[in-house]
Amino acid sequence: MKHYLLIVVLCFLNITHAQDCTYTFLGEIKDFHDGTPLAGATIHIETLNSYTTADINGKFSVKNLCNGTLVLVISHVGCETKRVEIDINGNTYKEINMEHHLEELNEVVVAANTKLDNTAIQQTVSKTQIETYTDKSLGDALNTISGVSSLNTGNSIVKPMIHGLHSSRLLIVNNNVRLFDQEWGDEHAPNIDINTSNSLEVIKGANTLKYGSDAIGGLILIKPKKYAAIDSLFGSSMVSFNTNGLGGNVNSEIIKTYKSGYYAKLQASYKQFGDFKAPHYYLTNTGLRNLNASMSIGYNSFEKGFNAYYSIVNNEFAILKSSHIGNVNDLVTAINNKEPRVVEDFSYNISYPKQSILHHLGKIEAYKRFKKLGKLSLQYDFQINRRKEYDLRRGDLADTPVIDLRLFTTSLQPNLQIDVFDNLEINTGFLLRFQQNDAISGTGVSPLIPDFEKYDAGIYATANYNLNLFSEISAGLRYDFSRIEATKWYNTTDWEDTYNYDELFPEFESGTTDNSETLTYPEFSFHNFSANLGYNRHFSNDFELFFNYGLASRMPNPSELFSDGLHHSAARIETGKLTIGKEIANKFMLSLERNNQKFGFTISPYFNYINDYVQLIPVGITTTVRGAFPVWEYNQVNAIIFGVDIDIDKKINNTLNYQGSISLLQGDNLTNDIPLIHMPSTNFTNSISYYNKDLNQLSISLNHKTVLQQNRYPDYNFNTYDATINDYVYVDISSPPSAYSLFGFNSTASFKAFKKGTLKLEFNIENIFNTSYREYLNRLRYFADELGRNFNLKIKINY
């Protein structure tokens, strides 16, 4: 046996010795974009554990090589380090391209803060801040940004507002897919699980042309994390518990990455709460259940890559039982009472009224970079949104929703980013989109929103140009064509007499009538133009100046055109008008910033003139078989919204830091010379925090927020007859509630729990003094107080 092994070893050595190891590898390193040689690059020859450098022409050589695989790790100032494997088969030559544009590094390197472009006026909610809101909504997390407020329906349905504008005036882009989820309703919260995101970015200025022409209010970008190309398996799990609502959230994610650039991620979260509590009573039927999941696979390298993503959001929200009113007299009683009409013991039951929403989102995107040109990307995505709204009903329809809508959306978006020039970058592309809305039959009531199909096509081009080392300018143009085709039954009296549609839109009539109703086929086409201009100037002492101008056009959404009937969850009759046209906004915004570790600040004044601003306002009372209901109607006025956001960040010493902000806003209806309805009032925040990195990264902060009473509001109060007392009563639906101040406490610490993992503990207190208050922008403010004190505990394990 020993002789046999000796023979094998000698044969192997002989074969090895027989290899010809005299070959030379000649490499040439060039910039990917313009092909210029990159001198001075450092080359680590990993196979031989030796180093060399590229000469002035970007060339280098490695001699005395055998046939086989040569592994090089190449680094150069301003470039991402690149690892390449080269097959040596005799003397070999290879050109190696490196990415040499600093701004491009943000796309491939894991980085925290990347701006949409250098002239964008934007603020970011980081992953650490998002984790504080892991058991809350997107609107709650964005409320921490100055100039951002929310329109609430109770405490769990939260719609973000930017500078007083919300719903279809905001673009919400989730993982590069524009969200479409029946966003037209005031009480329709975005179907987003913020646990899937790595950062939330709010663009207050006009740099939104890539995503649409109708961002009159602004843009919210929900971005996932990008992962480094290394062989690794890691993840995290977080559990939270809240005393108010006796519930919390469980979120877990696991990520697998490969050195080759491939990656996969799986994430899921479950959230449940029972009835929440105001300082002095339970808010009966305010619980919620959310089950969300997402998965992503892809390949990421500088030259090419792809990503496939799918997410499902399944939400069920209970609506405060006391907000279900039979008629306007119930509303008067609710306004005059200090406590809700229904107060019961705590329960996890979700009864009627409630909302149930199921939202699917899927996308496939791919990109390829071309030498001396740029990056070409292509994305296809789809969304299916099913919304059911349940009211208190009796008989056979007790478990049947009063609103049942299914919205299907699909889009195709190619984009070309041209970055071959040193100081100029151009983005251009187009969009094709199709939407189909089905008002599911069998609800027993006329659908508030009818069946419709919508077609969109858009084309855009934007450019960023570096004027010099200290200033940049950006500009863009976009054109969109939209066509909407609906099928709707109108009450014949309304069609002919109330709105005179038979003379205004005779082409929509089908000639079919049934039970005093007329079948119509409304069709509208819109041509929208939008543009933006941005400028950024860097000064000494860390000062920066931004200027943005944006022209945005928004076509009316389906509710503004077609709403016709009782909106049960809002307890009001809502009426759209076929005469509603598009609104056009001209927004000017300035921002002076100082980014300094010791003292930083931002002052951002803005002015938005909106021509034909669409608003929903109360116009009177109508009587149905269920009683009298307020009638809210869409109309158009000219409006201005202006204000200023101020943020301050002061480092007191090595461990103490102060942050403060104030938002001032005024909205005016120029047509009627009165204030706009539902504008956020002045509010300001203060926070002082302590941080000690050496003490388990201990962070403690005390927070304060004051919201002043809104003194500028339109008076839409009215009198109505109350049959129970045989007299007229005064219905005060306009007067805002009083000012309020809230205090909160936050603390976190991280521990080395095991060999490669960390344990993070977080303890928070919200509304420390259990203050009773009502918020002007909460649609349920007539019926109950906001939430009382809440203790919150979070445990996160990174592994």
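Because the model is predicted, local features are reported at pLDDT of at least 70 and side-chain atom pairs at pLDDT 80 or more, while totals for chains, interfaces and linings use all residues. Residues are numbered from 1 along each chain as its sequence is written, and side-chain values rest on heavy atoms, with hydrogens and water left out.

Helices (H or I, at least four residues) and strands (E, at least two) are DSSP runs numbered from the N terminus, and two strands pair if DSSP finds at least two bridges between them. Five strands, in the order S8-S13-S14-S11-S12, form an open sheet with mixed pairing. Strands S8 (122-125) and S12 (177-178) stand at its edges with a single partner strand each, so one side of each has no neighbour in the sheet. Strand S8 pairs with S13 (residues 199-203) in the antiparallel sense over 4 bridges, and here Gln-122 stands opposite Ile-203.

A hairpin of 5 residues connects S24 to S25, and Leu-405 faces Ala-439 across the pair. On to the next partner: S25 and S26 (residues 451-466) are also antiparallel, with 14 bridges, and Leu-431 stands opposite Gly-458.

Next come the cores. A nonpolar core is a set of buried Ala, Val, Leu, Ile, Met, Phe, Trp, Tyr and Cys residues joined through side-chain atoms within 4.5 Å; buried means under 20% relative accessible area, exposed over 50%, and partly exposed in between (1.4 Å probe, protein chains only). The largest core has 56 residues, of which Phe-524, Phe-562, Leu-578 and Phe-783 touch the most other members. Its largest share, 4 residues, comes from helix H5. With neighbours within four places in sequence set aside, the contacts of Phe-524 include Phe-505, Phe-508, Phe-562 and Leu-578, contact being heavy atoms within 4.5 Å. A second, separate core of 19 residues includes Leu-38, Phe-60, Leu-65 and Ile-96.

A nonpolar patch of about 710 Å² has Phe-751, Phe-754, Leu-761 and Tyr-799 among its members. Such patches use residues with over 30% relative accessible area and no salt bridge, with nonpolar side chains (Val, Leu, Ile, Met, Phe, Trp, Tyr) joined within 5 Å and like charges within 9 Å. The largest share of the patch, 4 residues, comes from S45. Phe-754 lies in the loop between S43 (740-751) and S44 and is partly exposed, at 40% relative accessible area.

Finally, the whole structure holds 30 salt bridges, each a side-chain nitrogen of Lys or Arg within 4 Å of a carboxyl oxygen of Asp or Glu. Asp-135 and Lys-794 form one of 4.0 Å, N to O. Asp-135 sits in the loop between H3 (127-132) and H4 (138-142) and Lys-794 in S45, so the pair ties together parts 659 residues apart in sequence. Asp-135 is buried at 4%, as is Lys-794 at 2%. Lys-136 and Glu-766 form another salt bridge, with the closest N and O atoms 3.0 Å apart; Lys-136 is partly exposed at 23% and Glu-766 at 29%. A network of salt bridges links Asp-135, Lys-136, Glu-766 and Lys-794.

Notes:
Areas by Shrake-Rupley, 256 points an atom, 1.4 Å probe, with all protein chains shown as cover.
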